[in-house]
Amino acid sequence: METLLNFWHDSGIYQLEPGQFAMMIVAFGMLYLAIKKGFEPLLLLPIAVGTLMVNIPGAGLGWSAAEQAIRTGGADVLEQFRTLLGLAANADIATMLDAYHHAETPIYKQAVMLGKTLGFENGMLYTFYSMTIASGVAPLLIFMGVGAMTDFGPLLANPKTLLLGAAAQFGIFGTVIGAVLMTHYGITDFSAMQAAAIGIIGGADGPTSIFIASKLAPELLGAIAVAAYSYMALVPMIQPPIMKLFTTAEERKIKMEQLRTVSKLEKILFPLAVLVLVAFILPSAAPLLGMFCFGNLMKESGVVERLSDTAQNALINVVTIFLGLSVGYKMSSDAFLNWETIAIIVLGLVAFCVGTAAGVLMAKAMNLFLKTPINPLIGSAGVSAVPMAARVSNKVGLEYNPQNFLLMHAMGPNVAGVIGSAVAAGVMLSYFG
Amino acid sequence: METLLNFWHDSGIYQLEPGQFAMMIVAFGMLYLAIKKGFEPLLLLPIAVGTLMVNIPGAGLGWSAAEQAIRTGGADVLEQFRTLLGLAANADIATMLDAYHHAETPIYKQAVMLGKTLGFENGMLYTFYSMTIASGVAPLLIFMGVGAMTDFGPLLANPKTLLLGAAAQFGIFGTVIGAVLMTHYGITDFSAMQAAAIGIIGGADGPTSIFIASKLAPELLGAIAVAAYSYMALVPMIQPPIMKLFTTAEERKIKMEQLRTVSKLEKILFPLAVLVLVAFILPSAAPLLGMFCFGNLMKESGVVERLSDTAQNALINVVTIFLGLSVGYKMSSDAFLNWETIAIIVLGLVAFCVGTAAGVLMAKAMNLFLKTPINPLIGSAGVSAVPMAARVSNKVGLEYNPQNFLLMHAMGPNVAGVIGSAVAAGVMLSYFG
Amino acid sequence: METLLNFWHDSGIYQLEPGQFAMMIVAFGMLYLAIKKGFEPLLLLPIAVGTLMVNIPGAGLGWSAAEQAIRTGGADVLEQFRTLLGLAANADIATMLDAYHHAETPIYKQAVMLGKTLGFENGMLYTFYSMTIASGVAPLLIFMGVGAMTDFGPLLANPKTLLLGAAAQFGIFGTVIGAVLMTHYGITDFSAMQAAAIGIIGGADGPTSIFIASKLAPELLGAIAVAAYSYMALVPMIQPPIMKLFTTAEERKIKMEQLRTVSKLEKILFPLAVLVLVAFILPSAAPLLGMFCFGNLMKESGVVERLSDTAQNALINVVTIFLGLSVGYKMSSDAFLNWETIAIIVLGLVAFCVGTAAGVLMAKAMNLFLKTPINPLIGSAGVSAVPMAARVSNKVGLEYNPQNFLLMHAMGPNVAGVIGSAVAAGVMLSYFG
Amino acid sequence: MSPIVADGLGLLGFGMGTVFVFLILLIFATSIMSTIVNKYFPEAAPVPAKKRSQPSQGADPQLLKVLAAAVKEHKARQK
Amino acid sequence: MSPIVADGLGLLGFGMGTVFVFLILLIFATSIMSTIVNKYFPEAAPVPAKKRSQPSQGADPQLLKVLAAAVKEHKARQK
Amino acid sequence: MSPIVADGLGLLGFGMGTVFVFLILLIFATSIMSTIVNKYFPEAAPVPAKKRSQPSQGADPQLLKVLAAAVKEHKARQK
Ligand code: NA
Ligand code: NA
Ligand code: NA
């Protein structure tokens, strides 16, 4: 009878907390968006499954060895953790967990190590998170793969569109100001680092968002990743009204002449030029842009096709699977179900809108100086979200001039936006580093 | 002359122990079975090579940094290990190795760390074993890949065949009883955890067996893995006599009507249903079944084909290579060449027979209540060993009724058996956790 | 204003050291060779990018957590490192870095761990290096992939060509003598281990060179890897003059009869025979040759095609990417820009020449005893550099006898050279182990 | 009864009990799910998903020619 | 001005400043590079490289390679 | 003789010695193995292994599906 009772106490229903149940609903919502609506399914589907898993009551998939030890260890185990955490001998488990989660880095790391030494094990999702995100490796490898898929031809044919990619980053820093003001007026309680991590959502670049969040505000990583990928999927709905708001029908009809062909050598030299500029101006952007340029160089050099192929396929796919599940580790109810998440979602939307507007307005400003005007609709592509944003420019353009194909012209600012937000990420790392 | 002597002392022939030689013979036997007889070559071939490697005298491929230090370190190194292991100052190397191998987890882990700090290195197979099996990662990734290859359509078309997959798990728990009784009567000296790990062989599921053995009885992992994969390969020889023993010719001729088509949405919802049930009822099965359902969801959702492809191919292949070699790490002569291994092999055979019989008898029992009877030959497929067991059902069925194709009907209990043994594995982890 | 100044101090141009600039030039030189000249681009391109990255001023991609802590940590952090490194309380950062880099293994490892415990992180390239090269895993996996690509058919048809692969290893040990004499006469200051690591360049085998250098002389790894791959690419230019110097026109015209067909079973048994010989004679060669034989067995067994495929493609490509970048970690200016590098380059060239000559002369020596003479041009293929060296033999042969196709005959000594240099590597590990 | 035999029987009881409870619940869940799906979402949901993997209508003669040539060459190479 | 607002404005200034400086420098670098390439290395370099990825008329060797791999894999899976 | 030169000569001797001993033993082992194989298992062993990769006769519909998918992916990649 007693064992039956134990078994019931071990079951999920008995242990289920309302927050966990709510997060399961959130996970199902993400699955619906990913599968039925096609919202960035490559990331949202694994994130959703990771969310489900981490919220399974009692399974401890997201517990470190330390948390495992504190929750399930005997009196002598608890004693050692109390000493390490500097707690009184009668501190209960909730107090210990709280102290552990908010411990300074050295103590935190020693606690995890103590747990492992005592024979406890890290949960599966904690292991995945440590290996892929906390180490920074996974976003970098995805950046390498994205680099190997990127064609800088349109950008090289019309390098001044780099300015559009620069302007659109205003979405990032404008959002930082928004987050900072929300804190200033007492609406939220974001630190400067958290505000910066939230702002990067406006870069419309999933791996960059995850990379920066893992460095500056890991506690917000779940919400930031979900917001970033969701809005990237919503680009076709968010951008057109803004694009139309800031342009006249006349401007939208501006026809752009065909791009010149770009030679192979230019394409090979471009990633090297970016890398040298990074080295000389903004070393803190070196990991992200270095791996990106490496991927692109593998592609354009044409001599390492088997490596380029692997970077674009097997490797990026493996990393994506683990990255998605690992984000799930940060989707526990206490990290996600609070006002900060709402604020992040609102600010993320603002970021996208501001970035889109800044790109369009920059294009209009450039037209004041250029002999051959550019169609301001391609400015919105500067937020990156490759190639979705460029397709949106093309589609809106066709609505007003069925002969005007903007896709290739928009690809220039589009890939410029990727570089732009990686630069912005580097600034943030340098500012807080 | 002295150096020549040293060289001879370093050579393999000089150092070769009879046990190592015997294990090399075992390895060649496995290679013969894998290559010539086609016994689960994907696993048995790497396991055999791992076995060869770990038994190379003096190469130390299976030594941890601690063992390397104890075997080859100087006096000061030995001194530190004696202190850590609590041994007298005159303890010899054999005593130290023995103390190290049987040390409590905290001491064991500290010894490995001490070895590394002193500049010694883990051997290759020890490294692979730690990364893939001890961490639990490799079996989970294989389960994900298997999930991505599994079609639950036949099961969804006839969900009551889940009962056959449940009944066949009797092979697992019946074998536990067998192992326990052998110990009770003094034939062997298995602990309860070892008995449980041996029982899981009856699940006819290689990765599950390795996963459970690594948690409950790592010292038996080699024998358990080899037994599990060997018997899975022997399914076409083991099952038919038992199937015929428990059925009448009339029953074997029962014709089953064609299965209804199953909609895409049902296939998408099924892995989610399993995952929710796991969350609510048996959280300890979450890692195995979670990854399995994740793989299946990737396949069925149809929106992440590149991830599903990678999970089924590149990733599972890489993991299989390392998993096989790593099992070899547990194939040292002192771990394998003893009566326990014989007992495990006998018990594994019993497990398969009992599971097969239980599945068949369950089908017959169900026919007492069902209007449309099911062919009891599909009951044997409940042991899993996908898709071998289902093919056996089909083949035996065709012998008695050349028009009766049971393959699709047997696929239902066959995949149900996978879920069933993962559930059984969860029960064991929960029972001893 | 002050912050602007800080920003300028953070920039790369401000921090750029002349050595870093020079290494960037070196990197661009390697890129030119890899992309334009086709010099082993699969390795040289990633190495070049790694070199660029590690020399980005201030980015710290090659810093361990300890170096990161010493360079950027506060007073209390420095205090702890001074204590660990046994330095005076007023030791400055340069002194500390020097002490850290030259610390004994236990202290070095404790320093890295201290850095991590204090919350600092290993730089990206340091992480890659630790995981792939320091652990020894990457060269071993490449060896496995190479094994899965190797056809021992020609060797089995004419096993006496193994002697040519043995003779060519004279390049390795002759170079060791060269390095040792340079030290003896005060030209350089190589230790015996460094001399051995340099000699292995003569094996014409990239992964073996990296593997041995990482064990015996990690401080020279960058130069050794670059020299090894560069000379492998230069085989078509280095070898022909030497081959002609040591042969008469008559000898070069010797026609060899067609090789017999080799049965599948022989091909399966050959890697096992190698592995058994390794086990009995030279256990220290077990990791390299074990993985090589494993790869070959996967290929020849024909029963694990999906594993063999993965070993030859996805896995080896992934490993190559990381291996190349990781070599870059050892391409810092202070490790590369010195006379040792020049000496290594000179010695590497000598190694290739000596090995080539030894192979050719061995063939001539064998002809004194053989009834059917062999064409001494295939002797040069014994240095390995598969399949480049065999193609060179073929090409030179065709120059003198347009009907004499030596390619298949040269493949025998060519793959024998791979085994030969792995054996030589084992001898070195055993000698210094 | 020795403690290890008790453990064995305990595992047998809990184990087979849990396996049956779990799979019986899964039968119910699956049946209900299937009923709902087939009643309220009959083949509507799967269509767009299926489209992705459906072989495009119309046989592309050139493609087939290329394929035939490829297969032929592949087989020739295998010999 | 509270310190966090100062941080925000600092980030805005440095951030947008650096982004623009970086990308403007990149425009110059790219333009100069393109000019030099098109003047001194006009299409000479790319030709041999391009050949690799250009879809050749008739039988595409890369396509054949992919097909061969596909056939091999398919057969392996069928076992 | 300085110790490092001694080390070098030692390596030379042991190294070339071991390399030759190893490879000469391998010649013997290989020759014996080949003789036995060709005498007692002449071409019998390889046949079943070869069968696996033999192209099946006739057009395999599943094969064509795989090929179509391969072409699709290849073209997608080429874009
Ligand atoms: Na962006
Ligand atoms: Na089963
Ligand atoms: Na060689």
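The buried residues of α24(A) are covered by elements that include α16 (221–245) and α25 (407–432) of chain A. This description rests on a predicted model. Further topics are a sodium site in chain A and a helix pair formed by α13 of chain B and α1 of chain D.

**Helix α24 of chain A**
- Helix α24 spans residues 388–400, 13 residues in total.
- From its first C-alpha to its last, α24(A) reaches 19 Å, close to the 18 Å expected at 1.5 Å a residue.
- Its buried residues are A389(A), A390(A), V392(A), S393(A), N394(A), V396(A) and G397(A).

- Distant parts of the chain are linked by G203(A) and S384(A), which lie 181 residues apart.
- G203(A) sits in the loop between α14 (192–199) and α15 (206–216), whereas S384(A) belongs to the loop between α23 (339–367) and α24 of chain A.
- G203(A) and S384(A) are both buried.

- The axes of α13 (residues 170–184) of chain B and α1 (residues 3–40) of chain D come within 9 Å and cross at roughly 175°.
- The two helices, α13(B) and α1(D), are therefore roughly antiparallel to each other.
- Residues of α13(B) in the contact include F170(B), F173(B), I177(B) and L181(B), and those of α1(D) include I4(D), L9(D), L12(D) and M16(D).
- The contact residues comprise 13 nonpolar, 5 polar and no charged.

How values were computed
Residues numbered from 1 in each chain as written. Chains lettered and ligands numbered in written order. Predicted model: local features only at pLDDT ≥ 70, side-chain atom pairs only at ≥ 80, totals over all residues. Heavy atoms only, no water. Helix = DSSP H or I, 4+ residues; strand = E, 2+ residues; numbered from the N terminus. Expected span 1.5 Å × (residues − 1). Buried < 20%, exposed > 50% of the residue type's maximum accessible area, 1.4 Å probe, protein only. Contact = heavy atoms within 4.5 Å. Donors = N, O, S within 2.8 Å, 3.2 Å for Na, K, Ca; no water. Axes fitted to C-alpha atoms, helices over the stretch in contact; angles between N-to-C directions. Parallel < 35°, antiparallel > 145°, perpendicular 65-115°, else oblique. Nonpolar A, V, L, I, M, F, W, Y, C, P; charged D, E, K, R; others polar.
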